[in-house]
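This report goes through selected features of the structure shown below, element by element. Please keep the sequence and the 3D view at hand while reading.

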Amino acid sequence: MSCLTMAQAKECEMAATSATSFSIGSTVSLGSRGCSLPQKKPFSVRFTSQNSLTSFSGLKAATSVNCESESSFLGKESSAALRASVAPKAQKPNQRSQYVLQPQASYKVAILGAAGGIGQPLALLIKMSPLVSALNLYDIANVKGVAADLSHCNTPSQVLDFTGASELGNCLKGVNVVVIPAGVPRKPGMTRDDLFNINANIVKTLVEAVADNCPDAFIHIISNPVNSTVPIAAEVLKQKGVYDPKKLFGVTTLDVVRANTFVAQKKNLKLIDVDVPVVGGHAGITILPLLSKAKPSVSFTDEEVEQLTVRIQNAGTEVVEAKAGAGSATLSMGYAAARFVESSLRALDGDGDVYECSFVQSNLTDLPFFASRIKLGRKGIEAWIPSDLEGLTEYEQKALEALKPELKASIEKGIAFVQKQPVTA
């Protein structure tokens with residue numbers, strides 16, 4: 001029996017005319033005979049024409065039909081190693097769980113700060129996800145046009161716009177994932193304290209609304225300084241009595257994306273196979289790429305380690321300088337944030353093989369918050385991966401100890417900010 005009605009098949013065919021893939025992450029392909037496959041829910045969908053059009057998903061092109069789940073951001077070797085570190089008796093490395101194709105989207109995502117430089121490309125990428133049924137866009141101004149523009153894209157999710165504080169509550173009702181890129185970038189003449197005070201207030205206000213309207217949602221914090229804004233969010237949620245440390249995430253995915261890209265370029269590797277864990281925090285020397293833990297395993301000279309580490313830590317400045325004052329890393333940040341959103345949606349949807357690095361509450365070190373690799377599940381963080389911090393090189397161990405004082409100060413600054421300004425009832 002066919003799994004798609006004639007009308008649905010026609011709609012899929014029309015969508016495939018302009019784009020053979022909605023996915024920014026892993027893919028599940030539906031070929032001309034794919035409907036007979038017994039499946040559950042996918043974490044992405046590709047409609048491939050009978051002519052086997054080359055489709056592009058995430059980082060690799062593909063023409064074949066594939067109905068198995070596999071992270072497109074981790075190679076087979078990395079996925080197998082991660083599974084072994086969490087559950088040694090889990091399925092064999094070459095066995096991947098089957099996921100069924102149901103083009104029916106079912107998750108609701110809200111972007112707070114959707115009209116900004118990060119918010120707009122992020123909204124476009126999330127609009128492409130087949131798992132999203134509703135995309136709520138919020139900002140204090142100029143969001144109506146963004147929503148109107150995105151709503152013309154022929155992907156499943158319904159786009160709604162919400163403007164100003166009076167509409168914030170409605171934007172958040174029933175949302176599964178909240179993403180917060182709201183805030184201001186650092187401008188000429190602005191001190192880091194100036195930036196902190198502005199963005200800290202913005203994050204505090206928005207998280208208060210999240211606590212009141214969708215306390216069970218996954219919360220993704222992008223607003224800088226992440227090393228402080230995540231602790232701010234945690235304190236707000238604690239004061240509201242709804243804090244779940246397994247559902248609050250500082251989005252550090254861009255550090256991983258950059259590390260993977262730079263290592264692949266340096267060593268002439270296939271991007272899809274490269275996976276470099278990045279730990280610590282999300283600013284300057286607190287960003288620590290663990291090159292010794294890179295997959296596939298590659299060797300680096302001391303000079304290469306130094307050069308790559310510094311480049312990854314200062315990659316944001318690289319973009320600012322290239323844009324000559326006309327902006328910062330908005331597109332790559334939008335991409336990285338969308339990757340983390342899709343990973344969260346896959347986890348919510350039951351995919352049992354989802355790993356990302358994120359700045360979260362942690363006991364892996366003596367710091368209360370720390371970025372490391374985590375395993376995501378339906379209820380948020382299922383496991384912290386301690387193996388990444390074991391057997392570090394001398395360079396990495398020294399760098400880890402060196403970053404802790406700065407990261408500790410940033411965390412304490414965020415906590416103190418909320419304690420001085422109690423949340424509204």
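## The β-α-β unit

In this predicted model, strand 6 (residues 132–139), helix 4 (residues 143–150) and strand 7 (residues 158–163) make up a β-α-β unit, and the unit is right-handed. Strands 6 and 7 are paired in the parallel sense, with six bridges between them. One of the positions to look at is Ala134, whose bridge partner in strand 7 is Gln158.

The loop that leads from strand 6 to helix 4 contains Asn142. Asn142 has a phi near 65°, which is a positive value in a residue other than glycine.

## A hairpin of strands 14 and 15

Strand 14 (residues 369–377) pairs with strand 15 (residues 380–384) in the antiparallel sense, over four bridges. The two strands form a hairpin, and two residues lie between them. Within this pairing, Leu376 stands opposite Ile381 of strand 15.

## Helix 8 against helix 11

How do helix 8 and helix 11 lie relative to each other? The axes of helix 8 (residues 253–267) and helix 11 (residues 331–348) come within 8 Å and cross at roughly 110°. Angles of 65 to 115 degrees count as roughly perpendicular, and helix 8 and helix 11 are therefore roughly perpendicular to each other.

On the helix 8 side, the contact is made by Thr253, Leu254, Val256, Val257, Arg258 and Asn260. Helix 11 contributes Ser332, Met333, Tyr335, Ala336, Arg339 and Phe340. By class, the residues of this contact are seven nonpolar, three polar and two charged.

## Cis peptide bonds

The peptide bond from Asn224 to Pro225 is cis, with omega near 0°. Pro225 sits in the loop between strand 9 (218–221) and helix 7 (226–240).

The bond from Lys295 to Pro296 is also cis, and its omega is near -5°. Here the proline, Pro296, belongs to the loop between strand 12 (287–289) and helix 9 (302–313).

## Confidence of the model

Averaged over the chain, pLDDT is 82, and 74% of the residues reach 70 or more.

Which stretches have pLDDT under 50? Residues 1–75 stay under 50, and the model has 160 contacts beyond four places in sequence for them. Residues 85–93 also stay under 50, with twelve contacts beyond four places in sequence.

Note on methods. Residues are numbered from 1 along each chain as its sequence is written. This is a predicted model: local features need pLDDT of at least 70, side-chain atom pairs count only at pLDDT 80 or more; totals for chains, interfaces and linings use all residues. Side-chain values use heavy atoms; hydrogens and water are left out. Axes are lines fitted to C-alpha atoms, for helices over the stretch in contact, and angles run from 0 to 180 degrees between N-to-C directions. Angles under 35 degrees count as roughly parallel, over 145 as roughly antiparallel, 65 to 115 as roughly perpendicular and the rest as oblique. Contact means heavy atoms within 4.5 Å. Ala, Val, Leu, Ile, Met, Phe, Trp, Tyr, Cys and Pro count as nonpolar, Asp, Glu, Lys and Arg as charged, and the others, Gly among them, as polar. pLDDT is the predictor's confidence in each residue, from 0 to 100. Two strands pair if DSSP finds at least two bridges between them. A crossover is right-handed if, with the strands pointing away from the viewer, the path from the first strand over the helix to the second runs clockwise.
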